[in-house]
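Thanks for coming. I have one model to go through today, so let me put it on the screen and start from a single residue before moving out to the chains.

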Amino acid sequence: MAELEKNAGHFLEVKDLTVEYFTKEKVVHAVNSVSFSLEKGKTLGLVGETGAGKTSIAKSILRILPDVGARIVGGEVLLDGVDLIALPEKEMRGIRGNKISMIFQDPMTALNPVQRVGDQIAEVIALHNEGKKDEFKRRAQEMLELVGIPRERYSEYPHQFSGGMKQRVIIAIALACNPALLLADEPTTALDVTIQAQVLRLIGQLRDKLGTSMILITHDMGVVATYCDNVAVVYAGGIVESGTREQIFDHPSHPYTVGLFGAIPNMNEDEEWLHPIDGLPPDPSNLPKGCAFRPRCKYATERCGEGPIEMAETPDGHQCRCCNLEAVIKGEKAK
Amino acid sequence: MAEKKSRGKGSGNSEFKTILKQLSYNKLAMLGAIIFVLELLLVLLAPVISPYNYEEMDTTAIRQTSSAEHLFGTDDLGRDILSRVLYAGRYSITMGIFSTLLAAALGMVIGSIAGYFGGWVDNVIMRFLDIIQSLPGLLLSIVLSAVLGPGYINTILALSVNGIPGQARLLRAEMLKVRGNEYIEASQSINCTKLRVIASHMIPNSISPMIVQATMGVANMIIMASSLSFIGLGVQPPAPEWGAMLSYSREFIRSSPHMAIFPGLAIALTVLSLNLMGDGLRDALDPKLRR
Amino acid sequence: MIRYIIRRLLWMIPVALGVAVIVFTLMTFCPSDAAEIILGSNATEEDKEILRDSMGLNDPFFVRLGDFLTDTFIRFDFGKSWVTKADIKTSILERMPRTFVLTVSTLAISVLVGIPLGIIAAINQGKLGDNMCMAFALAGISIPNFWLALLLVILFSVKLKLLPPMGIGGLEYYILPAIAGCTNGIASLARQTRSSMLEVIRSDYITTARAKGVKEFDVITKHALKNALIPIITVVGTHFGRLLGGMMIIETIFSIPGMGTLIITAVNTRDLPVVQVGSIILAIVFSFCMLIVDLLYAAVDPRIKAQYESMGKRRVKHG
Amino acid sequence: MNRKLRAILAMLLVCGMLLGTLAACSGPDDQPDTPTTPSNPDTPGSDGQEPAGSKIIEKLDVGSTTLWETLTPFRNTSAQFSTFVRHIYDRLAVRTVTGEYVPQAAKSWEVADDGVTYHIALYENITDSQGNHITADDIVWIIEENMSRGLKPCFNKVDHVEKTGDYTFDIVMKQNIVDMLPMVLYSTYVFSRAAFEASPDEFATSLVSTSPYEVTDFVAGSHITFTLRDDYWQSEDLIDPALANNVKVLTYHYITEASQQQIGLETGTINAMGSMSATSVQNFEGNDDYVMVNGPSSNGIQLFFSGADSKVVANDVNLRLAICYALDIDGIIAAAYSGYAEPMHDVVPRTNVGYLPKWDNEEYFSYNVDLAKEYLAKSNYNNEELTLLALTSANRLAQMIQSYLGAIGIQLKLNVCDAAQWSSSQTDGNNYDLVLAPIGNGLVNLWSNRFDSNAYANGDATSRKDQTLTDMLYSTWTNEGFTEENIDAVHKYIMDNCYGYGVVLPLVTAVYDAKLNITHAVITDSGDVDMAASIYG
C-alpha cells in the first residue's frame, strides 16, 4: 500500500462532495457539494436533523454506500493527499477498517448475530495484518479489555450482550487496527442516557490515547460541546455553518443554527415554551432554489431565493452560508 | 417514515382495493392472473368451443398427429386431444382448488384452535400434526386414495390431507403472533366470547399468508394429482384429467409424443401462472413492500 | 444440548406408534380381502376361509392392532409380505439404502445448484442474472418430474448413449434419476435463498462487514449466507419429506428397487403388512432427518442453540 | 426492473423442453399407419418335428414384467407361471403351449381305476447343486408342507400323499376332477428337504435347487441372473425340447414401465422383452433389427353378466344378447390392442385344455348393430344406467364397450379399479351389471370358478343360481364325463343363455434382437417366448 507522504495540506480534506440516490421515479440529492477539512488528532462534529445527509457523507468517505441506487456524483476526499474516490476497490479495501473505520448508530443490529464477538474483532485485525491466528486472537482480547469487556467473553455471541456492551464491541472493532480516522455515526443515540455518557467517555479516552482524528455525527448539541474541536452544521445535504466549537456556540450566525440553539431548553431559566423551528426540512428530491432554509427562515429576503449562496466570513472569523448575515447578527443581539 | 395501516372494520373493501392496486403494480402477477383467467374461461366454455365430444372415438384416426380436423391430434382410442384437454381442465383445476380450499378450511379450524387455546390443546394438536407430517408427502395420499377408492371426490379428499398440516401450522404461527397484540386483549377485556375473538379478529389478520400459501398450494395439488394417477390411483378413465392423460400417454412417448405434450403443457402453464400470482400476492399483501 | 437430542430421539417412538396406528386403521377400511389377494382369484370360498382363520384375520380390530404393535415394536418381527412371502425386514434393509442414496444425491444436487442460483439472483437483483435464475426456477416447478425423467432417458440413454436408462449398479445409474428428481428442489431452494438473501443483505451487520474492509465475496458467502441459512434449511427439510414421497415415481420409471416401488406395489396389491411397516420406517427416517435439520439450525444460529439448551423440555417449532 | 422478462423466459424454457420431446423421441424410424395382423416367423411350440441342435449363447439379458421378490419354494400363486421359474426350480411336470404336461422330475404318473389315486414314479438320478440326492421322501414332505401352508389352491384338492417306494409314491385326490392332478405336479417345486432345513431363510436369498441353472446374482425387484450348471442330473436326450437350456448366463430384468421396455431394447440393456404391451410393440413393427413373436395368452378377456336378482340384466336374456351383438370385435382389436389380439369363440381361450377346435368355425355373436337393436327392443330395458366393473389394465376395452353400447342406446357407467379392489368386488353380482374378467388356465378351472352355483355364498361368481348348469358341470368335469358332446352341451347352454361372452384373446408378444438369429422360438404355456429353450442358428 503506497506510503502516504506528509504534505502541507490538511489530514483530511473533502471538496464539493456530491452524492445522489437513484430510484426509478426520482433522484434524491442527499449530499450537495459539501466541503470541509480536518486536522490530525482533531474531532469534527457534524450536526443536523435526521435525514440531512450526515450518514451519507460518512459512508461516501468510506465508500460503502449501498451499490444499488447510490452513487458519488462528484467531489474529492483527500486523506493525507490521496483521493479516496479515485482509488481502485482493492486499495480502498486496504484502507477500510485500517486507516478509516466507522461506528454505527444501532448496536443491536450492527454485529453479525451468528459470529462470536471475539472473532468479529479478530477478523478486522487479520484482514489488515500478517501473522498467525492466535496472535490475532490475543490482540482482539486486548481490544476487548481496552473497551472494558472481560477477556473471557471473547467466545460469546452478540445476543449475550446488552446494547451498551455491543457498542463497546463495535468500538473495539473500529479501533482494532489503530485507524487514523474514526467516523462515529450517532454512536449513542440508540442507547439510554446513563450508558450514553459511559460510551462517549470511552470513545473520548481512546481517541486521546491513540491520537485518532474523528468525525462525530450527532444531533445532540451537548455531545458536540464536550467532545468536538470543530463543528459543521448540516442542513438539507449542505454545510450551512462551520467553525471552531467556541465560535459556533458563542456566535451562532446562520438562522438554522440559531434555531437549533433556541430549541435547547435553558437550565437556569424557567422557560414557558420551547422554540422549535417551525416547518419541515425540504424534500431532498426537489430542493428549492438558492438557500434551502429559506422557507423556514425569519430573515429570508429576495436575494436568498435567487441563486446558490456562497460561504461568507462572520465577524469572529468562522464560515456561514447566508447572504443576510448582518440582519441575523443584529436580530440576535436585539433579543 | 411511519406507515399508516388502515385496518379498521369499515375499510374492509378498501383493503381489498389496495391489494388489487398493489397487484397491478406487479406486472408479473398480472401476467399470471391473465393466463389463469384465460385458462378458466377456456375450460368453462369447453362444451361450446371444443370441436368434438371428449368421449367420441374415431377408430380410423388413431394417434394422428395434429392436423386440420384435430388441432392437437388424436389419442390411442381416436379421441380428439384438444377437447379432452379442455374438459380435463375442469377436473384438474377444480380438483386443485377444492382440495386446497378443503385443506385451508380444515387447517384454519385446527390451526386457530391450537393457536388460540394454547397449552395442552396446542401441544396435542401439534404432536398430531407432527405425526401426519412425518409421513412422506405422497404416501398419505396414496394410502388414503387406496382406502377411499378411485374417483374425483375421493382424490380431492386424499390430496387435501397433505395440505392440512402446512396450513394449520401457518395459521397457528400467525395466531401466536397476533395473540400478543394489544387489541386482542382489548377485545377480551370487553368480554367478547372466545369464538367471536377468534372469528372477528384473529382470522382476518392471519388470512393474508394463507392466501399466498393457497395459491401455491393449488399448483402443488395439480402436480400431486398427476403423480397419483401415475401410480394408477386418482381419477380413473374415461374421465379426462391432465395428470391421468399425461401418465396414461407416457407409454406412447416414443411413437406419438404429441399425446404427452399438450396435457403436460397445460399443467406447466397452470402451475406457472399460479406461482406468478402467488409471488405477486405475497408482495402485495406484505405491508413492508407497499409502494 | 444432549438432553435435547435424547428428548427428540425418545419422541420418535410415539411418532412411529402414531403412524403405525393411523396407517393400520386406514388400511383396515381398505375394501380388499387378504385371502383373495394371497390365494388369487381362482381359489374357492372355503380355501379362503381356512387361510383367514390361520392368519387371524377374523379377530376383532383391536386384537389385530395389538398383535401388530407388539410384533413390530417389541419383537421387531415385521413378518412376511402377504403377496410375495418375502421377509419384510430383509427387503426393507436391502431397499432402504438405495432410496436413501437416491434421495440424498437428489437433495445434494438441489442444494449445490439451488442455493448458488438463489445467491446469484439476489446479488444482481433486477439485472439479467436474476431473471435468468428465477426463470429457470419457475420452469423447474411447473414441469411434472416423471415426464422430465422420460425426456432425460430418451436424450441421454437412447440418443447420446451416455448413461444407462434404468436398473441399479454403479454410481452412474443414479445420475439420471437424481437429475430428474431435483428440478423441483432446485426451484424452491433458489427462490427461498433469493428472498432470504435479499432480506439479509440490507441489514446493518453487512455494512459493518464492508466497513471492516471484507471482500465482497466473503461478505456474501461468510456473513450474509450464514444468516440467511435458517429459512433455507427449513425449505431443505420440508423438501426432503416431499422427496421421500416423490422418489416413488422416479424409482418406478428407472426400475430402481427402492422403498418407493416396494410401497407402491404393496398399496396396489393391498399387501397391508408391507405398507404398514414401510410407512413406519419411512416416518422414522423422516423424523430422524427432521432432527438433523433442527440440529443444523442450532449449528448455524447460536440463539436457537441457546433456546434448545434452556428449553430442553419443550421442543421449539420451526415451520 | 424488467421482471416480465423472467416470466417469458420461464415459458420459453417450458416450451423448449416440450419441443425437445417432439424432436428427441421420434420413434424408431417409421410411423405405424394402420395396424396389420402380425406375421409370425415360426410355428409356435414343439409340434413334433425334431429341431436341429442349437448354438450355445454366452450371455443374454431378458426383460420381464413378473416379479419374484423371494426365492422361497412355498409361495402363493402370484407369478407362478412366469418363464424364468423353471430356471429356479425343477418341477414334477411342466405344461407346454399345447396344454399337455411333459415329465421333468417325475418319470411317469397314471391314475388307478378308482379315479382319485395316482401312482407317480420319480427319476432315480435327481441331485441338486450341492449334490444332495432327491428321493420320494423329499417330494412327499414337500407336497405335505404345501398342503399344510394352504398357499396354492390346487393342493387343497389333495386328500393325502403316501410313499410307496424309494422313488415312487401315491397322491390321492379328494374328487375325481380332470386336469387337477397335473396342476399339482406343475405346482410342486423339487428340492432337497435337508438343504431347505439347513437354509437360514428358507432359500429366500440363497437357493439350493435341482434346476439346470444356479442363481448367481439376485436383487429383489431388479434382476435375477442364472448361470448354467455343468452337473445337471438329467441326461441330455431325456430333456424335452420345450425345456432345453441353450444360454450360459441368463439375466431377467424386472421392467414395468412400458416406454422403458422399448428403450431397454433400443439401448441394448436387454436383448429381448417378454410379454410386451400391445401399445409398445407396434413401435417395432416393420423394423427388421427386431423380431416379434406372439403367442396367445393363457387368459382371454371375458364379459360376464350379473346373475343377482337385483340386477335388470340378470333375467333378461334379450338385453344380454343385445349387448353381445353390439360389440365390434375387430374395431376393439384394432384400437384397444393395436391388432395384437384374436376374436374368441367360447368363454374359454382356445389354448386351454378342453377347448373344442370345431367351435372356431361356428358363429359366435358376430357384430350386428341391427340385430342388437332388435334384441334391445324385445328386452324390457328402459334407460337404466348399467355399471361395468373392469380392471385398470382393461380400461381401453371398457371405454370402447361403453361407446359401442352408447351407440345402440344403452347407458353404461364404468367402474375401473385396481387389481385388489376388483378382485374383492367381482365375486358378488350385486356390485355390477357387467364385469370384464381375465380368466383362463383350464376349462374346468373356469367353470368351477364362474358357473358353479355352490362356489360362493349367494350362487356362482355373479351370484346366479342355475342348478341345471351346475349339474351339467359336475357330470362333465370328471375324468370319464370329460367327453366332446358334454363339453359342447355346456358351451351351447352358456351361449344360448348368454351368461358369459369371450370378447377377445390378447396376444402376448415378445420382441427380441434380430442379431440373436433365433431359428425356432419356443413359446411357453403363458404365451411368452422361452429364450433359454429357443434354438439359436
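With 11 C-beta neighbours inside 10 Å, C:Gly169 is classed as exposed, because the cut-off for that class is 12 or fewer. Please keep in mind that this is a predicted model.

Where does C:Gly169 lie in chain C? This glycine is in the loop between α7 and α8, and α8 covers 172–201. As a distance check, take C:Gly169 and C:Ile230: 61 residues separate the two along the sequence, and their C-alpha atoms are 36 Å apart in space.

Now chain C as a whole. The chain has 13 helices and 0 strands, so the definition of helices and strands leaves us with a pattern along the sequence that is α repeated from start to end. Along the principal axes, the C-alpha atoms of chain C fill a box of roughly 85 × 60 × 30 Å. The chain has 319 residues, and 55% of them count as buried. If you take the contacts in chain C between residues at least 6 apart in sequence, 72% of these join residues at least 24 apart.

Next, the interfaces. Which chains share the most contacts? Chains C and D do, out of the 4 pairs of chains in contact. In that pair, 58 residues of chain C are in contact with 54 residues of chain D. On the chain C side, the helices that each supply at least two residues are α2 (34–39), α3 (45–55), α5 (88–123), α6 (128–142), α7 (145–159), α10 (216–253) and α11 (259–268). By residue class, the side of chain C that touches chain D has 28 nonpolar, 20 polar and 10 charged residues.

Chain C also touches chain B. That contact takes 33 residues from chain B and 37 residues from chain C. On the chain B side, at least two residues each come from α5 (119–134), α6 (137–148), α7 (152–179), α9 (194–231) and α11 (258–285). Which helix gives the largest share of that side? α6(B) does, with 8 residues. The side of chain B that touches chain C divides into 22 nonpolar, 8 polar and 3 charged residues.

Last, two pairs that do not touch. Chain A and chain B have their nearest C-alpha atoms 11 Å apart and are not in contact. Chain A and chain D do not touch either, with their nearest C-alpha atoms at 9 Å.

That is the end of my part.

Methods: Residues numbered from 1 in each chain as written. Chains lettered and ligands numbered in written order. Predicted model: local features only at pLDDT ≥ 70, side-chain atom pairs only at ≥ 80, totals over all residues. Contact = placed C-beta atoms within 7 Å. Helix = DSSP H or I, 4+ residues; strand = E, 2+ residues; numbered from the N terminus. Nonpolar A, V, L, I, M, F, W, Y, C, P; charged D, E, K, R; others polar. Buried ≥ 20, exposed ≤ 12 C-beta atoms within 10 Å, placed from the backbone.
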